[in-house]
Amino acid sequence: MITALILLPLLGALLVAVAPQNRARALALGSTLLTALLALTLWGNFDTAATGLQFVERHPWIPAVGAEYLLGVDGLSLLMVLLTSVLFPFALLAQRQSRGFCALMLVMQAALYGTFTAHNFLLWFLFFEMSLLPSFLLIKLWGCGERDRAAMKFFVYTFLGSVGMLLGFLGIYFARGSFDFATLAALGPTGLLPRNQSWLAFGGIFLGLAVKTALFPFHTWLPDAYESAPTGVVMVLSGALSKMGVYGFVRLLLPLFPYELRAIAPLLLALAVCSIVFSALAAWAQTDLKRMVGYLSITHLGYCMLGLFALGQPFQPAVEMQAALSGVFAQMFNHGITAAALFYFVGLLEERRGSRALADFGGLMQRTPLLCGWMSVAMFSFLGLPGLNGFVGEFMIFKGSFMLATAWTSIAVLGLLFTAVVLLRAMQALFSGPVGGSCSALPDLRRSELAVVVPATLLMVAAGVAPQWVFAIFNSTVVHLARVFA
Amino acid sequence: MNPWIVANLWLIPALPLLASVAILLLGKGERTLAAADSAGETPAGRTGGTPVLRSHRRTAAALLAISGQIAALVLAITAFVPTLATPGWRAVHNFTWFSFGEHAVRLGFILDPLTAAMLVMITFVGLCIFVFSTGYMADDANYTRFFAYLSFFSAAMLGVVIANSLLLLFVCWELVGLASYLLIGFWIHKPSAAAAAKKAFITTRIGDIGLFLGILWLYGSSGTLLFYDDGNGCLEPAGLALIGASSTFIALLIFCGAVGKSGQFPLHVWLPDAMEGPTPVSALIHAATMVAAGVFLVARVFPIFSLGAIDGVTPALTVVVWVGVITALMAALIAIAQDDIKRILAYSTVSQLGLMMVSLGVGGVAAGIVHLLAHAFFKALLFLGAGSIIHGSHHDQDIRRMGGLRRLMPVTFVTYAIGMMSLSGVPLFFSGAWSKEEVLHNTAHWPASHVPHYLLMLGVVLTALYMTRQMIYVFFGAPRAGGHVHESPRVMTFPLIALAICSIGLSVILTPGWPWLHDYLSGRTAEFQLARIVQPMLFISAALVAAGVLLGVVIYRGAGAADPFAQRQPALFGFLANRMWLDELYHHTVLRWSAWTALFAAWTDRHVWDRIVRGAGSLGELAGTLSMGFDNRAINAGVDESATGTRGAGRLVSGWHSGRVQLYLRAVAVGTMALLLLYVWLA
């Protein structure tokens with residue numbers, strides 16, 4: 001079943017690549033809808049009470065090097081699979097593009113599914129890297145502005161991180177003879193490697209994941225890449241790809257290196273808090289709307305990191321650990337939806353006005369009330385307004401991390417304040433005041449655009465008002481992970 | 001067995017919310033048209049066909065909003081009834097919001113005297129203001145949107161009141177903030193309105209960050225955010241025991257939220273600016289209900305504030321008292337030097353909220369809430385009266401340009417005078433007098449210090465003074481306004497009359513002779529003892545109010561456009577008129593520093609962190625270039641050179657063997673010529 005989930009987008013990509021140019025997007029959309037149906041079936045058959053992997057597919061691949069074709073989902077995997085499935089149709093709807101674009105997007109989707117379901121390092125790494133190439137090409141070929149530079153920076157930076165990760169895992173393999181996540185996780189508490197080598201391996205893997213998550217100070221590729229990427233691509237980059245790093249932290253670092261995480265927890269917490277506060281402040285100083293949202297994305301990923309790193313603190317009551325982990329998972333999902341929606345709106349504004357500079361807008365509320373209204377919902381969700389999805393994850397993260405790491409959390413809440421300042425400033429510049437001279441002819445939301453906006457907003461409200469359906473997916477995984485780490 | 005209304009309390013906010021959503025859905029087509037209207041570009045042909053449709057939509061919107069409010073009022077009264085039977089009756093209905101791991105986040109509704117009284121007040125005052133708005137906003141292009149926002153606000157505010165969980169309260173609290181943001185910035189084409197809305201949201205958010213931390217701390221230490229939960233709630237003895245020594249910090253953090261929302265010093269700066277919103281909004285949100293939410297919050301979690309009290313005094317409560325005293329006095333002083341009719345009322349609200357805080361701080365929770373309720377009625381009355389005046393004088397808000405309106409707007413004058421006397425505390429017939437007297441009475445018995453008591457007495461004098469000033473400027477003397485000033489339509493005066501009747505009628509249940517409301521809130525059965533009316537405090541406050549009014553009459557009688565106070569004390573007046581320069585102080589310190597920090601963060605991002613990355617990249621590039629250069633020059637060069645040499649020689653030679661006879665002949669000719677020339681030259 002999971003294999004089908006990965007193969008379907010690849011088949012779709014092949015089909016799209018040979019289809020006539022004007023049918024490409026429809027075909028790609030059809031393919032994503034089919035995969036979404038498949039993902040929903042997976043969810044329907046998923047047993048939320050069980051802790052282990054479900055729908056496991058295990059086949060020998062290259063036994064000589066410990067490579068195994070091992071796919072399966074637990075709560076976290078399923079959540080990410082669902083998020084990916086939701087994002088792609090919307091990302092494809094965001095712009096009309098050629099078949100090459102659509103095909104690459106589908107390849108990226110397959111890679112994401114693979115990353116979130118593979119449980120053998122080699123297979124996982126294959127998918128992890130497979131997502132990199134399409135995103136590089138998509139930015140380089142269809143991006144705007146300094147796309148060559150941004151794409152190259154994105155590629156080289158993340159690729160270097162991956163090299164570190166690969167080396168780290170090779171070290172583990174030579175010592176322990178396995179690439180299997182579960183086997184290694186069982187060895188984690190007693191130490192995978194002798195202390196010095198273990199630090200090296202930890203460092204390599206940490207670097208790879210930190211770059212991917214855009215953890216301060218490894219984040220500078222992100223604003224450039226997001227700024228240059230076309231709308232649909234940036235939706236996927238911020239919505240799903242940025243979650244690969246967080247996912248890696250939960251899947252790899254947490255179970256495999258508990259000792260190291262605890263030993264440098266204050267340092268890691270400091271990095272997370274810097275991520276939150278400095279990026280929010282940097283967002284404040286941006287004049288480009290897209291770059292601003294990019295920086296705020298770093299802040300939101302910083303919340304995830306805060307929740308994860310707080311687990312490394314010595315004082316560990318189960319309820320707070322579970323709260324922090326649940327919060328991190330909920331935040332991954334919610335940020336995925338909201339960030340993608342916000343980038344979609346930025347894309348709409350850019351398409352209408354031909355510019356993303358805040359100074360080029362003004363008085364939109366009088367011209368495009370629908371656009372402003374729906375966009376405000378996404379912005380308020382982004383700044384963590386209760387009643388919308390953003391609040392739930394942030395509240396749970398802070399609830400957990402406050403008791404685990406009180407001082408750091410007390411600084412991190414400044415991020416909430418600065419995010420509000422940044423977004424309200426943007427709203428004031430965009431929506432209010434007299435109509436900017438060149439904004440007077442902008443069209444309001446079209447029906448086709450409402451088809452993206454309305455479902456996304458409903459999702460935000462649903463996950464904000466009654467979040468049980470999101471939490472039910474991963475509750476038993478959270479309990480399991482918290483126990484493993486304690 | 002609880003009455004059915006307890007489990008269905010959610011219906012009270014749900015109905016206005018439903019109305020709000022319905023109005024938004026309804027108004028879709030009309031709003032684009034309205035947007036075109038406001039820019040004055042409506043094509044004539046289009047207006048010809050649509051006014052009927054438009055007016056239908058507008059009527060429908062107003063009807064929906066008002067019927068939502070009426071339904072909420074009916075339900076609020078239904079909820080009020082069971083609380084009357086037993087003094088101090090309380091019922092809760094808790095449920096699980098969502099579960100995380102093996103635990104659950106629970107929310108709940110509560111019905112107790114505090115909730116019930118607030119529900120009735122909010123729905124009733126809200127209803128009056130909704131009706132008033134149909135007249136006040138009649139000419140506005142975005143009429144339907146206005147009612148959608150108002151209903152949304154009402155829903156959120158009712159949610160704050162019924163919450164039995166600090167988390168649910170916080171959720172609604174933030175939604176109230178959102179509604180306030182939307183309504184302050186309702187006239188979004190005005191940059192000042194947009195700026196004021198942003199300022200309000202962010203200033204209150206600063207306080208909310210504290211509240212958020214307080215919630216986290218409370219949650220962590222007591223394990224629950226439910227107030228009452230069959231003995232396990234955080235306000236019940238078992239929960240309070242878990243909080244223990246951290247209660248002071250938790251209480252102060254929660255108080256931060258109250259300071260932001262209730263416009264207490266030092267976060268009061270947003271409230272006067274919030275007057276940029278339409279006047280009914282100021283009445284509903286920035287006078288009667290939302291700004292009182294901070295007071296309500298402190299009253300709700302009072303057990304945390306008073307935990308471990310010695311003689312009714314705790315460090316947290318002492319902070320509450322002093323913040324309240326500073327706010328009450330400072331705002332009353334500033335109000336004396338304001339010229340905008342709404343800003344005077346705004347500062348008056350800030351000042352009265354300070355008074356309520358003091359009352360809570362000295363332990364008089366019921367007295368504070370009684371003043372809150374009474375204040376809601378007469379302050380809504382005053383604001384709506386101000387709205388009526390502004391409406392009548394063609395949207396001029398400067399009291400120096402009014403004058404003599406008592407003949408031109410008689411209904412507004414009489415009702416406004418009732419409101420003014422209530423606010424100033426004119427004894428016997430006005431609700432504000434009794435509630436204020438009760439507060440003063442409580443402060444007199446505060447064991448920690450008597451200073452707040454005397455400072456509040458000074459506040460009473462100042463309140464009477466600035467209200468007298470306002471009355472004289474607006475209603476007495478010669479008319480200074482140009483143009484035709486008219487009384488407002490009946491749809492606007494009727495709510496004024498209703499609120500005025502309430503402001504007077506409420507005093508029946510407020511007197512010390514039969515302090516029904518006070519005892520209802522504190523869970524006692526009220527006794528009727530007429531003799532208790534006569535107290536020393538009655539005469540003291542009567543004397544204070546009389547002093548304030550007389551002072552006002554003496555100073556301002558016959559004053560022209562120039563303020564007598566400003567003429568005598570220009571420096572002091574300027575200091576007060578400029579709001580003690582606090583806005584400027586914030587602007588030049590906190591705001592500017594954070595803006596610099598932001599620029600610094602962006603700069604380091606680009607020039608430090610990114611430069612390091614690019615530096616590492618360039619190092620790699622340099623290594624690549626060097627290695628390429630070495631390859632090219634040292635290793636490749638020899639091979640390349642010989643290859644090129646050979647190829648060049650080959651090309652040259654092959655050129656000679658072109659097979660073209662003329663070329664050969666030409667070569668022979670040239671050669672022969674050369675030989676001949678050589679021969680001649682040698683010879």
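Predicted model: local features only at pLDDT ≥ 70, side-chain atom pairs only at ≥ 80, totals over all residues.
**Stop one: two helices of chain B**

Select residues 293-300 of chain B, which form helix H14, together with residues 341-361 of chain B, which form helix H17.

**Stop two: a helix pair in chain A**

Now move to chain A and select helix H14 (residues 289-310) with helix H15 (residues 318-353), whose axes are 9 Å apart and which pack at an angle of about 175°. That angle makes H14(A) roughly antiparallel to H15(A). Among the residues that make the contact are A:Leu289, A:Val293, A:His300 and A:Tyr303 of H14(A), along with A:Leu325, A:Met332, A:His335 and A:Phe343 of H15(A). By class, the contact of H14(A) with H15(A) comprises 15 nonpolar residues, six polar and one charged.

**Stop three: a hairpin in chain A**

Stay in chain A and select residues 54-62, strand S1, and residues 67-73, strand S2, which pair in the antiparallel sense over six bridges. If you label A:His59, you will find A:Tyr69 of S2(A) standing opposite. Four residues lie between the strands of this hairpin, where A:Gly66 takes a positive phi near 75°.

**Stop four: where the chains touch**

Show both chains together and colour the contact between them, to which chain B gives 44 residues and chain A gives 50 residues. On the side of chain B that touches chain A, the elements giving two or more residues include helix H3 (28-38), strand S1 (91-100) and helix H28 (582-656) of chain B. The largest share of that side, 15 residues, comes from H9(B), a helix that spans 191-222. The residues on this side of chain B divide into 27 nonpolar, 10 polar and seven charged.

**Stop five: an enclosed helix**

Select residues 410-424 of chain B, helix H20, whose 15 residues reach 21 Å from the first C-alpha to the last, close to the 21 Å expected at 1.5 Å a residue. Of these 15 residues, 11 are buried, so H20(B) is largely enclosed by the rest of the structure. The buried residues include B:Phe413, B:Tyr416, B:Ile418 and B:Leu423. Following H20(B) is B:Gly425, which has a positive phi near 90°.

**Last stop: a loop residue**

Finally, select B:Asn142, which is placed in the loop between helix H6 (113-136) and helix H7 (143-162) of chain B. Is this residue buried or exposed? With 23 other C-beta atoms within 10 Å, B:Asn142 is buried, because 20 or more such atoms are enough to count.

Conventions: Residues numbered from 1 in each chain as written. Chains lettered and ligands numbered in written order. Axes fitted to C-alpha atoms, helices over the stretch in contact; angles between N-to-C directions. Pairing = 2+ DSSP bridges. Contact = placed C-beta atoms within 7 Å. Nonpolar A, V, L, I, M, F, W, Y, C, P; charged D, E, K, R; others polar. Expected span 1.5 Å × (residues − 1). Buried ≥ 20, exposed ≤ 12 C-beta atoms within 10 Å, placed from the backbone. Parallel < 35°, antiparallel > 145°, perpendicular 65-115°, else oblique.
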